[in-house]
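Here is a short report on how one protein model is put together. Look at the structure first, then read on.

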Amino acid sequence: MSQERITTLLTDSRSYLPPEHGRTSAWICGPEEYDELCRRALEDPSDFWGARASQLIHWFKRWDKVLEADDAHHKYKWFTGAKLNASFNCIDRHLISGRRNKAALIWQGEKETDVRCYTYQMLYTEVCRVAHALSSLHIRKGDHVALYMPMIPELFIAMLACARIGAIHTAIFSGYAEGGVRSRIQGCRARVVITADAAVRSGKIKPLKANLDPILEKCPSVGHVVVVRNAGLENVNMQRKRDTWWHDLMDDFTLNPDFPCEPMDANDTLFLLHTSGSTGKPTGVMHATGGYLTYAAHTTQWCFDMRDDDVYWCTADAGWITGHTYGLYGPLALGATTIMFEGVPTWPYPDRYWRIVENFRVNILYTAPTVIRSLMRMNEAWTERYDLRSLRILGTVGEPINPEAWRWFYEHIGNEELPIVDTWWQTETGGAMIAPIPYATKLKPGSATKPLPGIDAAIIGSAGRDGDEAEEGAKAGHLVIRRPWPGMMQGVYCDEEKYQSYFSRFGCYSSGDAAEVDSDGYFWILGRVDDSINVSGHRLSTAEIEAVLAACPEVGEAAVVPMPHALKGEGIYAYVVTRDEVPWSSSLRVKLRDTVRRDIGALATPEYIQFVEAMPKTTSGKVIRRMLRKIAGDSHEEIGDTTSLANPEALAAIIAGHNNLVAGRHETENAPDEEESSTI
Ligand code: WT7
């Protein structure tokens, strides 16, 4: 994130009090109650989390201990000895609590007229049949199942079916391309992949099964592929023995409409989800059944003040953690109605969200700042013509929200009265950590406000982006969490060293974000301190993109850095040194750009590729990314001290090259790409 944007965030000093009406019936009614909960939660965490776990989750067997902590190895086991099943909690128990015929899942397809609704009973039957089908493919507790699927009901059904039999699901965002998918499937040695013929995006068909076939040649663990017919593609190549259509599998009349739940230990893994790490290899974050589910239900209830008759819509794709926690597990554990949308906000018109809110009378809308920024560019008439009065709570996640977007959301969608919960968290934290409580927390636009009860967040040391030490006296530092919480990851799959690296620097969980705390105790997130890039609220690894570029025969060296981007928050900027005698050309630029798209996915496409003679390096040969970042962010006057450079003469040429490149932005090779801008 650029310095400039941080400044704007910090200069919006207005604050907004929680609304009065609705307060008395809220889960947490005001600041006093919030303060009291924080005090109690930190004073006796076992009592606090034990009480929440009993209130929110059905346990087949109660725990022996709320928390078994091994501080020396940073291993934390929640609810040890307890038994539960996530699918039972999200479905079965609601069948006998009067919610049998309540809508559990409402699905809005990309096409306006495509709507499917599943009651809890219907969801139960589907999930049982899929669970039975998976187990007839010999999938058992502890086996890995990869889900490479668009936002269709079968995705949630597959997740719950895995949870039912104790298989560990790994969702892979359907916008990922070859390399991204391969490393994730190989990373968890999935035995089954569930996919679809294709995804439908902005009216276009994006094949998934055809993408998958060449990838699977390098994934020997995969014995079965189940394919959902979603886009009606013809000529889908089905490999005999390995591939089955979902509908053929489900058509088996012997499948049982009641299929038993596997009683899971609270510390058995519920799912694996990859996030970008500091190396080219994605980090396989593992979440445990008991702690994760408790934390998902707990934060969904308090952060969104979720009530029993609420219609709740989290717009995130289930390929990301937000879709897991707040699209599926949190709301269904609470017995709410969750909405799933296959399409994008702007196609065919930029009114899709507001139509959905009006059609289904959505009460809670949780989305990303990048979506808000893309919608606020449109004519106001697109919001005005819809009745948004059902909305009660708004939320954002993924990146800091700039005051302009906050104010637009507040005025045009929230009618200047709805609370906006800006929730800070990560794949690793399982659920929201720093976030307002709708009827209890005064809001300051751009701040995720204060830690939730029981979350011991703090700022340690001084840090700016890039791990640079911040200037003296600056309040910015590393955002850390000093005590364990039930939603925290249980480990990194097959990479203990990576897991330990989260704790090694400060002796407690380090988020990798820099943040500041103001005099009211409000947290202001400043961005990552490592080399990841936050594109439209999604964490991408610079190392992963660099590796793809460096693998091209024309490329000698590549360095990827973030740049500020008006819509996406951050964009990707790549510097490339070509190999001897390879000339710089626009066609090479296009080729490199396409390679990244094809290998990782549209989300990772660089905004700019700049050819340079040499990277700025230290005398020991290390690329000085901080300088490249300043240049990409148009802030070369802030480069500062260049005495550590081995090749100071390279810098002027890089700056000049950057200026030329940006001036020529309108070249067709850099034209904005529809698919990219809709990857939300
Ligand atoms: C990174 C985590 C949490 C699910 C979506 C992304 C950034 C997230 C906020 C927020 C400022 C935020 C952080 C964090 N981030 N929420 N409300 N304000 N920054 O999950 O891919 O694991 O990325 O997203 O930098 O570390 P993720």
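## The main core

Ile 185, Ile 194 and Tyr 329 touch the most other members of the largest nonpolar core, which has 170 residues. A nonpolar core is a set of buried Ala, Val, Leu, Ile, Met, Phe, Trp, Tyr and Cys residues joined through side-chain atoms within 4.5 Å. Buried means under 20% relative accessible area (1.4 Å probe, protein chains only). Helix α6 gives the most to this core: 10 residues. Domain 1 (31–452 + 464–517) and domain 2 (532–677) both give residues to the core, so it lies between them. The domain bounds come from an automatic or database domain assignment.

The model is predicted: local features need pLDDT of at least 70, side-chain atom pairs count only at pLDDT 80 or more, and totals for chains, interfaces and linings use all residues. Residues are numbered from 1 along each chain as its sequence is written, and side-chain values use heavy atoms, leaving out hydrogens and water.

## The sheet

Eight strands form an open, mixed sheet in the order β12-β11-β8-β6-β7-β14-β15-β23. Strands are DSSP runs of E, at least two residues; helices are runs of H or I, at least four; both are numbered from the N terminus. Two strands pair if DSSP finds at least two bridges between them. Strands β8 (192–196) and β11 (224–228) run parallel, joined by five bridges. Ile 194 has Val 226 in β11 as its bridge partner.

## A second core

A separate core of 32 residues includes Ala 103, Val 362, Ile 372 and Ile 420.

Technical notes
Buried < 20%, exposed > 50% of the residue type's maximum accessible area, 1.4 Å probe, protein only.
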